[in-house]
Every structure is written in structure tokens, then in C-alpha cells.
Amino acid sequence: MVRRTTHTRTTHTRTTHTRTGHPGTTAVIAAGGALGALARYGLTVAVPDGSGAFPWGTLLVNVIGCALIGVLMTLLLEVWVAHRLWRPFLGIGILGGFTTFSTYAVQTRALLAAGQTATGLLYLFGTVAAALVAVWFGAHLTRLAVRAYPRRSRAGQPVPETTYQRGDSR
């Protein structure tokens, strides 16, 4: 932020927040995004997309990433009381860097431009459907696991849900 005084002298003021949020949030998103992009790269090397073939690697990355988003959001919003930077680091950073819907769009366009209309449309709608199902599946399985394996105190007694669930911490 630049503020001009009456003496044509420019002074700079320091702030602890950016226009879009706390600078620490931006840093953890960047760090998580780098880790997520590296993980995506590793998976697409393991499952490469051949030229003109169905892009299985990208589909796999997006479905896995969406399932993990379902798991993460359930844990962060319903089970854990987490530090404020975990959600941007894991959700926006790592999983945002891991999933790639821009590559999905480019590959869909390439399939349609190559005349593979049925394959392109299957990929277009199938990816969205599989991603939504993966989010639901990840969230649902996480809720079942939390109910099946409730937290225990150090004495081995089950901890009532109301003491560790975010919304019920009275």
C-alpha cells in the first residue's frame, strides 16, 4: 500500500494481511500445491496417457484426488479441530495441485477435435460423474470409519463425539 503525503514524499506502510488473506495462508497453499503437482507427475509417469488413447492417467488422478477431498473435508469439518492452515495446505494446496481439471479439458477437446466424439463425450461426462461419486464415497467411508473406530481417552474409555467434533465442542 502506497500513501502519499503533502511533501511529495512516498511512504510505505507494512501490513500483516494481503488483500486476499493472511500471507501464511498463501505460503502453505504454494507449498502444498508444489507437493500435489509432484505427486500428480509421479502418478502420470506410472500411468501414462498415450497419444490418441483414452486418458486413464488423468482420470485416475482426478478420481483419487476427489475421493481424498471427501475424506479430508469430512475429517476437517466434522471430526478434527485442526489448525487454520491445515485446510488450505491439504485441500487447496496438495489436492488442488494433485487434481488437474485443466488437463482434463484439454484432453477432452483433443479427443473431440480428433473425431473421437463418443470417447470425448464419455470422458467429458464420465470424469465429472466419477469425481462426484468419489467425493461422496470418500466422505461416506470416512464417516463410517469414524463411527466404527471412535476416539478413546488415554485411559481407554471412548470419548463422546460431542467433545471432539467441531460443531459440538461445548
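Modeller: Contact here means heavy atoms within 4.5 Å. The model is predicted, so local features need pLDDT of at least 70 and side-chain atom pairs count only at pLDDT 80 or more, while totals for chains, interfaces and linings use all residues. Residues are numbered from 1 along each chain as its sequence is written, and side-chain values use heavy atoms, with hydrogens and water left out.

Colleague: What is Leu 111 in contact with, leaving aside its neighbours within four places in sequence?

Modeller: Gly 52, Ala 53, Pro 55, Gln 116, Thr 117, Thr 119, Gly 120 and Tyr 123.

Colleague: What makes up the largest nonpolar core?

Modeller: That core has 5 residues: Phe 54, Leu 59, Tyr 104, Leu 111 and Tyr 123. A nonpolar core is a set of buried Ala, Val, Leu, Ile, Met, Phe, Trp, Tyr and Cys residues joined through side-chain atoms within 4.5 Å.

Colleague: Why is Thr 127 called buried?

Modeller: Buried means under 20% relative accessible area, exposed over 50%, and partly exposed in between (1.4 Å probe, protein chains only). Thr 127 has a relative accessible area of 1%, so Thr 127 is buried. Thr 127 lies in helix α5 and, not counting residues up to four places away in sequence, touches Leu 59, Asn 62, Phe 101, Tyr 104 and Leu 122.

Colleague: Why is α4 called roughly antiparallel to α5?

Modeller: Helices are DSSP runs (H or I, at least four residues), as are strands (E, at least two), numbered from the N terminus. Axes are lines fitted to C-alpha atoms, for helices over the stretch in contact, and angles run from 0 to 180 degrees between N-to-C directions. Helix α4 (residues 101-113) and helix α5 (residues 117-148) pack at about 160 degrees, with axes 7 Å apart. Under 35 degrees counts as roughly parallel, over 145 as roughly antiparallel, 65 to 115 as roughly perpendicular and the rest as oblique. Therefore α4 is roughly antiparallel to α5.

Colleague: Which classes of residue make the contact of α4 with α5?

Modeller: There are 9 nonpolar, 6 polar and no charged residues. Ala, Val, Leu, Ile, Met, Phe, Trp, Tyr, Cys and Pro count as nonpolar, Asp, Glu, Lys and Arg as charged, and the others, Gly among them, as polar.

Colleague: What makes α1 oblique to α2?

Modeller: Helix α1 (residues 23-46) and helix α2 (residues 56-79) pack at an angle of about 135 degrees, with their axes 9 Å apart. That angle makes α1 oblique to α2. Arg 40, Leu 43 and Thr 44 of α1 make the contact with Leu 60, Val 61 and Ile 64 of α2.
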